[in-house]
Amino acid sequence: MTLEQALVKTLDFQLDIQSNNESLLYDATLEARSVYNETIQLAKDGLDWDKIPNRVVDDADLVKNTTQCVVAKALGAMENYYEYDDFGLPSHTKNGAYPLRANYEEGYNLSLTDDGNVAFRISAKPYKHVKGVLKGSDEHLSILKTALTSTEWKIGTAEALFHNDTSELHVNVTNTEQTVRDKQNSRTVVGVDVNEDNVALTALSEDGVEDTLVIDFPEIKFERHRYFTIRKRVQNAGKLSVHDTLGDQEERFVRDRLHKVSRHIVEWSRQFENPCIVFEDLKEMRDSIDYGTRMNRRLHHLPFRALQSYTSYKAAFEGIPTGWINPYKTSQRCPICGHAERANRNKKRFKCRSCSHQDHADRSASVNIAVKGIKCSIENAGRESDHSVLASFLRLLSANRRTISR
């Protein structure tokens, strides 16, 4: 049994502009910034979100469909803030270029040339086009060429942008036929515990703990605190433009690290038989956090969901399913005897007050996540819970423990 799922991949290319109007594309990205800022401002002012697109489109000097795409992305940022508060409230005062978002065959077009290149045409402004060919990795060019000729793939939205003064095009392609294995057919559950400075993994099968791993990333916590301190200083000095630039730099840094960590999680999980990666569903827990202003800022702004999303996205392209469990007491429960209380955990040390079992606290939490993942799988499949897995922990929990710094 398989679970069919449309898989989206983003392909990155450099633009070899051959129409001698690169400045036109840059001007369009500045106009996109204006559209984005106006959308965020209207949303903050309380205007009905359904009325914002028509109001902004009438004023923008962009192709109508492209303007609608930029507005939709801005509203998506606002929605993400209200739901998850991943990176703070979107700003409406930033300057400079903003990605020009467009739908395929409406705001941009692609075609194969006789010499094997991929030509592009971007509608930067109404009735004004930027043309040239795409340059990029062999892997991404190969996927895009396949998408242009195969009914199995669909080409979707793209973003034209400038990165370090280099013009780029990021194209989304969707494979409509690739499948992800059904979670019920998994033989190994990988519990993933995402923390402030690391991610702990435990691979659990019916034979017990196959392996465990802790991936440290203290630089994310350090850089976020450093950027926060700098932004507070420049904000107090009234330098708002520098404040926005620092926010962009922080976000790029964090996302780059998260992509590296998520790739490592998927690569590590692939070694096990029919794996399923399981996360905690953290939204309700984060909504209930209230530990004071400073701690709330640290916890609410940590990119838990982003790392989970990147990992799930990459796992899907490897055919690996993902699941979610209730996080209730995963960090306090002893994986050996089941006793749960807050005193079991002291920072990174876990020591059960009932059976005296000791372990790395985050690794212990990942074991509990994996156990819950297996129990959910068993219950969903209509089978009685097999407690032999729990009985094997005493023998296997201390084996194969490693810590890798990234």
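Strand β11 (residues 198-205) and strand β12 (residues 208-216) run antiparallel and are joined by 8 bridges. To see one of these bridges in the structure above, which is a predicted model, look for T202: its bridge partner in β12 is T212. The chain passes from β11 to β12 through a hairpin of 2 residues.

Is β11 mostly covered or mostly open? Mostly covered, for 8 of its 8 residues are buried. In a regular strand the side chains alternate between the two faces of the sheet. You can follow this in β11, where N198, A200, T202 and L204 point one way. V199, L201, A203 and S205 point the other way, and the residues of both sets are all buried.

Let us step back to the whole chain. There are 12 helices and 18 strands, and 47% of the 406 residues count as buried. Among contacts with a separation of 6 or more, 69% are between residues 24 or more positions apart.

Reading across, the order is β3-β7-β8-β2-β6-β5-β4, and the pairing is antiparallel. At the edges are β3 (100-102) and β4 (108-112), each of which pairs on one side only. From one strand to the next, the twist averages 30°.

Inside this sheet, find strand β2 (residues 7-17) and strand β6 (residues 128-135), an antiparallel pair with 4 bridges. Here I17 stands opposite G132 in β6. Helix α4 (residues 138-149) lies across several strands, including β2, β5 (118-125) and β8 (166-175). The angle between α4 and β2 is about 105°.

With 35% relative accessibility, T10 counts as partly exposed. Leaving out residues up to four places away in sequence, T10 touches H140, H170, V171, N172 and Y313. T10 and T174 are 164 residues apart in sequence, yet their C-alpha atoms are 8.9 Å apart in space.

What about the nonpolar cores? The largest has 45 residues, and those that touch the most other members are Y108, L110, L144, L169 and V171. Helix α1 (residues 22-44) gives the largest share of this core, 9 residues. A second, separate core has 26 residues, including L201, I215, L258 and F279.

A pair of aromatic rings is described by the distance of the centres and the angle of the planes. How are the rings of Y26 and F162 arranged? They are edge-to-face, with 5.2 Å from centre to centre and 80° between the planes. Y26 lies in helix α1 and F162 in strand β7, so this pair ties together parts that are 136 residues apart in sequence. Both residues are partly exposed: Y26 has a relative accessible area of 36%, and F162 has 21%.

Another pair is formed by F279 and W324. The ring centres of F279 and W324 are 5.0 Å apart and the planes are at 35°, so the pair is tilted. This pair, too, links distant parts of the chain: F279 is in strand β13 (residues 275-280) and W324 in strand β14 (residues 322-325), 45 residues apart. F279 is buried, with a relative accessible area of 1%, whereas W324 is partly exposed at 45%.

The charged end of K9 sits over the ring of F317, at 5.4 Å from the ring centre.

Terms used
Residues are numbered from 1 along each chain as its sequence is written. This is a predicted model: local features need pLDDT of at least 70, side-chain atom pairs count only at pLDDT 80 or more; totals for chains, interfaces and linings use all residues. Side-chain values use heavy atoms; hydrogens and water are left out. Two strands pair if DSSP finds at least two bridges between them. Axes are lines fitted to C-alpha atoms, for helices over the stretch in contact, and angles run from 0 to 180 degrees between N-to-C directions. Contact means heavy atoms within 4.5 Å. A nonpolar core is a set of buried Ala, Val, Leu, Ile, Met, Phe, Trp, Tyr and Cys residues joined through side-chain atoms within 4.5 Å. Buried means under 20% relative accessible area, exposed over 50%, partly exposed in between (1.4 Å probe, protein chains only). Rings of Phe, Tyr and Trp (its six-membered ring) pair if their centres lie within 6.5 Å; planes under 30 degrees apart count as stacked, over 60 as edge-to-face and the rest as tilted. A charge sits over a ring if NZ of Lys or CZ of Arg is within 6 Å of the ring centre and within 35 degrees of the ring normal.
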